[in-house]
Amino acid sequence: MATTANPATDLFSRLSFRRAVSPSPLRLPSQRPRTPRLSAAIVALHKRNPKRLKYASQRQFTRGHGGMLRVKVEPSGEDFWKLDPVVDLINSGAVGVIPTDTVYSIVCDLSNNDSIERLRRIKGIVDSKPLSILCRSLRDIDTYTTGFPLGTNQGQANIFRAVKRILPGPYTFILPAAKELPKQCIKHGSSTRYAKRRQVGVRMPDDPICQAILQSLEEPLICTSVKYLSEDEWILDPVYIADIYEPLGLDFIVDGGARIDDPSTVVDMTGSYPTIIRQGKGPKLDWMVTGTDQEA
């Protein structure tokens, strides 16, 4: 192998996720997995893991009888390379389930209309129900929405600065949609009619597995939380999710362990004040109000 004068750290920054998980004659110094912080999770995607080199030629996932891909990933980050086939499936138009920092979500490619329609059929949700998007960064939020208020010299609060302090985190923000957002995300009815008020929920989950998948894609994901088909209750165990949704045509599931019954806090940013319309895992902050606050 040809020698190079560049240090290993420069080499890490040039390796893409795809290159990092493919066979290569290159040998980089192995390092112990870092703690599962968000930044460490993303870095883990680019590091060559000794276990991965040892088992690269072996089957690292199992398929159900209906062909659903099942991938179990450790939150520690030592085996995030196993997410490679999941990224391939998403790019090919697959619909699957991944963990977030709250509950599990059914996801698909944001720009694939056929996948969005199939996601609705699998979940059993009507066309009038809007879908949310899982974003990789604040830049994605600026691309697909009109963004957060920046504040004015007349005393209007700089909400953007406040939001930056809590994202990634367990919040869903309802924002006016930009023209770049596919109409299928806010479809209303089976015809060509769409909601007059174009709004969308945006999320940036603080979950290493979810962020690892998002950072390996070229655009955000459409998402909706995973619930029981006949009950308004979240399914927290990925084994139960697979049993229920695999017969409905789910293509893959990423098992990141059981979640807790604590959804994201939903904040409506389209009114005069950031208003909490569902209190969840994210705490109420001093710049947020509730319906009770407004009535008072």
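This tour moves through the structure selection by selection.

The model is predicted, and local features are described at pLDDT of at least 70, side-chain atom pairs at pLDDT 80 or more, while totals for chains, interfaces and linings use all residues. Residues are numbered from 1 along each chain as its sequence is written, and side-chain values use heavy atoms, without hydrogens and water.

**Confidence**

Begin by colouring the protein chain by pLDDT, the predictor's confidence in each residue, from 0 to 100. The mean for the chain is 78, and 70% of its residues reach 70 or more. Select helix 4 (residues 50–55), where confidence is lowest, at a mean of 35, and then strand 3 (residues 96–98), where confidence is highest, at 98. Helices (H or I, at least four residues) and strands (E, at least two) are DSSP runs, numbered from the N terminus. Next, select residues 188–196, where pLDDT stays under 50. This stretch has 13 contacts (heavy atoms within 4.5 Å) beyond four places in sequence. Where pLDDT is low, the predicted coordinates should not be read in detail.

**The nonpolar cores**

A nonpolar core is a set of buried Ala, Val, Leu, Ile, Met, Phe, Trp, Tyr and Cys residues joined through side-chain atoms within 4.5 Å. Buried means under 20% relative accessible area, exposed over 50%, and partly exposed in between (1.4 Å probe, protein chains only). Select Ile133, Phe173, Leu181, Ile222 and Trp287: these have the most contacts inside the largest core, which has 45 residues. Among the elements that give two or more residues to this core are strand 6 (169–176) and helix 10 (238–245). Another core, of 22 residues, lies apart from the largest one and includes Val107 and Leu221.

Now centre the view on Trp287. Its contacts, leaving aside neighbours within four places in sequence, include Ile159, Phe173, Met269 and Pro274.

Select strand 10 (residues 265–268) and strand 11 (residues 275–278), which pair in the antiparallel sense over three bridges. Two strands pair if DSSP finds at least two bridges between them. Asp268 stands opposite Thr275 in strand 11, and a hairpin of six residues joins strand 10 to strand 11.

**Two cysteines**

Finally, select Cys210 and Cys223. With a disulfide taken as a pair of cysteine sulfur atoms within 2.5 Å, the count is zero. The cysteine sulfur nearest to that of Cys210 belongs to Cys223, 8.2 Å away. Cys210 counts as buried because its relative accessibility is 0%. Cys223 is also buried, with a relative accessible area of 6%.
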